[in-house]
Amino acid sequence: MEIGPRMVATVVTVMSFTIFLGVVSADPDMLQDVCVADLASKAIVNGFPCKATFNETDFFFDGLAKPGLTNNTLGSLVTMANVQKIPGLNTLGVSLHRVDYAPFGLTPPHTHPRATEILFVLYGELHIGFITTANIFVAKTIKAGEIFVFPRGLVHFQKNVQNAPAAAIAAFNSQLAGTQIITTALFGAKPTVPDDVLAKAFQIDVDEVEMIKAKLAPKS
């Protein structure tokens with residue numbers, strides 16, 4: 001499903017929330033009008049060094065206009081519109097993602113360590129939720145035109161509850177929110193987390209740990 005006039009209006013709504021998030025950005029304040037990211041620079045700084053010259057292409061990205069392919073194990077795909085795709089976002093403290101879901105597709109439990117997320121459903125119906133540090137589970141089913149907020153750093157997920165595609169736009173108060181999928185972090189880290197640590201933490205045996213690691217290993 002491509003974005004039509006009504007979808008444009010909904011995206012404008014999300015962008016206004018993004019601008020608000022930028023006012024309370026989780027990133028450092030900008031010190032100049034623009035600081036277009038030099039993504040090829042070898043310098044290591046908190047963010048990206050500024051390019052000496054820039055043009056309109058540094059502020060443009062059309063990657064959210066069409067649905068992403070969701071023919072994978074989880075049935076979902078995230079298309080990011082962050083500073084790595086739009087260099088002009090450097091120091092501006094905002095970014096967007098588009099998330100597409102196959103029928104009953106899942107965005108697995110994950111965190112964004114550097115940003116709060118506000119999710120706007122473009123079409124379809126999602127069951128979403130987050131878990132507080134006190135282990136309180138907060139969840140709701142939302143549909144097209146509705147919004148839900150995931151506080152910064154908390155574990156959360158989204159699942160398509162219908163036998164039809166769904167899509168959402170996520171706004172962040174960071175140019176690069178970061179994403180850490182819980183299962184991949186624990187069972188797919190390199191070097192690997194010791195089997196006995198995971199076995200004790202999850203109260204399972206080492207063979208089960210190895211089985212989970214095998215399933216999450218990158219496909220060659």
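**Reading a site from its contacts**

Author: This model is predicted. Apart from neighbours within four places in sequence, His 112 is in contact with Glu 117, Arg 152, Gly 153, His 156, Phe 172, Ala 177, Gly 178 and Thr 179.

Reader: Where in the chain is His 112 placed, and is His 112 buried or exposed?

Author: His 112 belongs to the loop between strand E3 (106–111) and strand E4 (117–123). Buried means under 20% relative accessible area. His 112 has 4% relative accessibility and therefore counts as buried.

Reader: Which residues does Glu 117 touch, when those up to four places away in sequence are not counted?

Author: Glu 117, which lies in strand E4, touches His 110, His 112, Phe 148, Val 149, Phe 150, His 156, Gln 158, Ala 170, Ala 171 and Phe 172. Glu 117 is likewise buried, at 3% relative accessibility.

Reader: At which residues does UniProt place the feature "binding site"?

Author: The UniProt entry, which is unreviewed, places that feature at His 110, His 112, Glu 117 and His 156. These residues span 47 residues in sequence, yet no two of their C-alpha atoms are more than 11.9 Å apart, so they gather at one spot. Among them, His 110, His 112 and Glu 117 are included in the lining of the largest pocket.

Reader: For another case, how is Gln 32 to be read: where does Gln 32 lie?

Author: Gln 32 lies in the loop between helix H1 (5–23) and strand E1 (76–81). Its relative accessible area is 34%, so Gln 32 is partly exposed. The C-alpha atoms of Gln 32 and Thr 91 are separated by 8.9 Å, although these residues are 59 residues apart along the chain.

How values were computed
Residues are numbered from 1 along each chain as its sequence is written. This is a predicted model: local features need pLDDT of at least 70, side-chain atom pairs count only at pLDDT 80 or more; totals for chains, interfaces and linings use all residues. Side-chain values use heavy atoms; hydrogens and water are left out. Helices (H or I, at least four residues) and strands (E, at least two) are DSSP runs, numbered from the N terminus. Buried means under 20% relative accessible area, exposed over 50%, partly exposed in between (1.4 Å probe, protein chains only). UniProt positions are given in the numbering used here, feature names are shortened, and annotations may be inferred rather than shown by experiment. On a 1 Å grid over the protein atoms alone, a cavity is a set of points where a 1.4 Å probe fits but cannot get out, and a pocket is an open set with protein on both sides within 12 Å along at least five of seven lines; lining residues have an atom within 4 Å of a point. Contact means heavy atoms within 4.5 Å.
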